[in-house]
Amino acid sequence: MNTLTAKNTDTLMEPRAIRKTKPESAISIKNLNVHAGSHHILNNINLEIPKNKVTVLLGPSGCGKTTLLKSLNKLTDLYKELDVSGSVFIGKDDILNSNHNIPALRQKMGLLSQKPYPLPVSIFKNVAYGLKLKGVKDKKLIAYNVEQKLKEVGLWEEVKDRLHSSADSLSIGQQQRLCLARGLAVKPQIILADEPTSALDPVSSKIIEERFRELKKYYTIVIVTHILRQAQRLADNVVFMHYGKIIEQGTPEAVLKNPQSSQLKEYLVDGF
Amino acid sequence: MQKRKTIEERVFRILTGVACYSLIGILGYIIFIIFNKGFSSLTLDMVTKLPSGGYYYGGEGGVLNAIVGSLYIAGGATLIAIILGVPAALYINSHLIRYKRTQNTVRYILDSLWGVPSIVYGAFGFTLMIWLGMSASLLAGIITVAFLITPIVIRSFDEALSTIPIGLQEAALSLGSTKSQTAFKVLLKQGFSGLVTAILLAFGRAIGDAASVLFTAGYTDLIPTNLDEPAATLPLSIFFQLSSPIPAVRERAYAAAAILTIIILIISISARYFAKHYSKENIK
Amino acid sequence: MLTALVLILLFPLLIGVALLFKSIPLLNADSIVNLLFSDNWAPNSGKFGFWPFIFSSLYVTVLSFIFSAPLCLLAAIYLTEFASARLIRIMHPVIDILAGIPSVIYGMWGILVIVPFVGDYLAPVFGLNSSGYSILAGGIVLAIMCIPYMLNMLIETFKSVPYGLKEAGFSLGATHWETIKHIVIRKSRPGIISAFGLGMAKAFGETLAVMMVVGNIARITGNPFEAGYPLPALIANNYGEMLSIPLYDSALMFAALVLFVVVLLINLVFRYLIIASNPAKV
């Protein structure tokens, strides 16, 4: 509670000029801690995620980057062994501590996971599912949206003749793009992606990366990756994590070309 | 909209919770009734004496005949099931390891056999018994129960074996041992805790099953001294004595039920202990 | 090693052939349709109509299914989705132990608890007179016996739904229940159907527990408070006089054959369904 008031007075006292140059945050994380039993997965994370930029979470496996990503839209609820404390503000709402309408808050974020997980229904219904949850009943509107989103991820031409066949019949790369379209259909402001290309072939990976570069005009994107080149290609902002802590963050040039900490230096040597 | 969703969520959370706890309640109630009835009838005489005056009419004595008979039948059947089942399970996981299709078909058939009702095994055992000119006896009971539990031994041992990495077998093979040697040495050592669990599981099923021994083992108030003599079992002693009009005889049934439940409890718990304790020492 | 395996794989064939062989005299005496669907059961005059027994078997099986299936489904959802990790840890051994309890114990419990409950409390509520030894009692006892068995399979099924799929539901804005309803249950459909099918097969073949509480009177009645006489009980009750009445032994072996074929077929079909819906495992 103390930190909250301190923060508020800070912003109030800040001169206008400085506030303008400071990038607007889409997500701000305050004192986030995650425990699994005695294991401290995330250790007091404080992080601002800038709006309409690509933020890349980087780090060795097991450093907590996936857990951090999942905390952002409170998917940690699914894992009973996790004990989460702290705050994650999406705009004004603290998703971790508000107990009303978590689903609506989650709809502000689209999720793309490591492996594509198409819902066990048709291609069409996969994309329409989020709208159905929002209570959209108008069939034409739904059909229009499905088409738009499938076009946005470059899948429309490939599937337009078999929209009602099972989503499982698609290739892995197509499935991942379908999952992206499904996430975009709920009109999120933020896209969370957890190593979205790690299970894909090079061609599909390239398509997904290209989509991200276009999407960042309209969306705030947070990507977890362990591929350094991908981080360099996509990132506006790099966050390096190690054993549940944020070690360094900044522009890719600053962080990747000129590492300060020994952990990151070591990681970069091993990574290349 | 949002409100309706919240209410629906809450309703189903409560509904599933109620279902779950009521199941726990029912199942706890069963154990309670069995032990409550059983322990009041369970005296030292029950486990040390034979029934006197016949299982249906007499009141004195205990169920020692059924305890010993059950142990004989379950023990003998488990022995046969091990002799047949262990090599079969090893074969599935050594020679067939490269033939996934065959492996899966075999597992599929065994699983389906697991589901065949024990009364069918009983009828089959009875047919076989008549055919061989045998009468209801300890041996016929052992053979019938062995038929019933062999698929169980194979499949549960097989489950444990299938988790052993192929690399371990390959290592042994590359050192020049034959497939059968590898199977017996490497798999048996690595799968030992699985084998113990499988045996306990099969023994538990064998000692509790009534329908398969109903026609084949006969029933007697005495302890069998030979394989061709009839034998009593705990489940059948419960079944027969429970239908007696004399309360003192029914007491024997309750005591037998408590004894049988305790045996099953011990088996379940030790199977669990083995599965946990010994799998730690294995190479994963 | 191979010999042992082949021998065991020949079991089902061996059982089938032996029972069929013993059934031939009966099948020669009457047509199979007549045997299965005639309700004239008079062994002493050579009439073997199995319909009353098959009807009873189906009746108790369906009743047990109605009692146990919804409960198991809801409880399995609770245990895999809502319950604390501790409750699940406790429940696993409990379910195992209950699955291992012999049917005769369930039968005894049925006599002590369910039969008086049906006879003294439930029947009077409906204005009926019942000894308690009834189809309803059989259905209830069977339901309780099948619970650990079905619950185990359902928990396994729900557990095998990948977390990624649930995360997808959550992230699209579904509530936990919506995720369960639209995604978990849908994804588990083959597993749920199989668990139900195998549970019913188990109920259909169960002998002692039912036989102890069902009353064992051969007649066709829709009234669940009256006694029934399922197939397995027929076999178990009459093996004693099997050899003293002509064709009776053949008739009982035919009953065993029917049970064997039905249960084996159900097992083969539903287990195939599990395998077919889970390509990752093959």
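**Figure 1. Domain division of chain B in the predicted model.** In this predicted model, chain B is divided into domain 1, covering 2–41, and domain 2, covering 46–279. A distance of 32 Å separates the C-alpha centres of domain 1 of chain B and domain 2 of chain B. Where these domains meet, six residues of domain 1 of chain B are in contact with seven residues of domain 2 of chain B. On the side of domain 1 of chain B that touches domain 2 of chain B, three residues are nonpolar, two are polar and one is charged.

**Figure 2. Contact between chain B and chain C.** Chain B supplies 66 residues to this contact, and chain C supplies 65 residues. On the side of chain B that touches chain C, helix 1 (residues 2–41) of chain B gives the most, with 17 residues. That side of chain B comprises 44 nonpolar, 13 polar and nine charged residues. The model has an ipTM of 0.89 and a pTM of 0.88.

**Figure 3. Crossing of helix 5 of chain B and helix 2 of chain C.** Helix 5 (residues 118–131) of chain B and helix 2 (residues 11–29) of chain C cross at roughly 65°, and their axes come within 10 Å. The two helices are therefore roughly perpendicular to each other. The crossing of helix 5 of chain B with helix 2 of chain C is left-handed. Helix 5 of chain B contributes Val120(B), Ala123(B), Phe124(B), Thr127(B) and Leu128(B), while helix 2 of chain C contributes Ile15(C), Ala18(C), Leu19(C) and Lys22(C). Seven residues of this contact are nonpolar, one is polar and one is charged.

**Figure 4. Packing of helix 7 and helix 10 within chain C.** The axes of helix 7 (residues 135–159) of chain C and helix 10 (residues 189–205) of chain C lie 9 Å apart, at an angle of about 155°. Because of this angle, helix 7 of chain C is roughly antiparallel to helix 10 of chain C. Their crossing is right-handed. Residues of helix 7 of chain C that meet helix 10 of chain C include Leu142(C), Cys146(C), Tyr149(C) and Met150(C); among their counterparts in helix 10 of chain C are Ile192(C), Ala195(C), Leu198(C) and Lys202(C). In total, the contact has ten nonpolar residues, three polar and one charged.

**Figure 5. Confidence along chain C.** Chain C has a mean pLDDT of 89, with 98% of its residues at 70 or more.

Key: Residues are numbered from 1 along each chain as its sequence is written. Chains are lettered from A and ligands numbered from 1 in the order in which they are written. This is a predicted model: local features need pLDDT of at least 70, side-chain atom pairs count only at pLDDT 80 or more; totals for chains, interfaces and linings use all residues. Two residues are in contact if their C-beta atoms, placed from the backbone, lie within 7 Å. Helices (H or I, at least four residues) and strands (E, at least two) are DSSP runs, numbered from the N terminus. Ala, Val, Leu, Ile, Met, Phe, Trp, Tyr, Cys and Pro count as nonpolar, Asp, Glu, Lys and Arg as charged, and the others, Gly among them, as polar. Axes are lines fitted to C-alpha atoms, for helices over the stretch in contact, and angles run from 0 to 180 degrees between N-to-C directions. Angles under 35 degrees count as roughly parallel, over 145 as roughly antiparallel, 65 to 115 as roughly perpendicular and the rest as oblique. A crossing is left-handed if the near helix is turned anticlockwise from the far one by less than a right angle, and right-handed if clockwise. pLDDT is the predictor's confidence in each residue, from 0 to 100. Domain bounds come from an automatic or database domain assignment.
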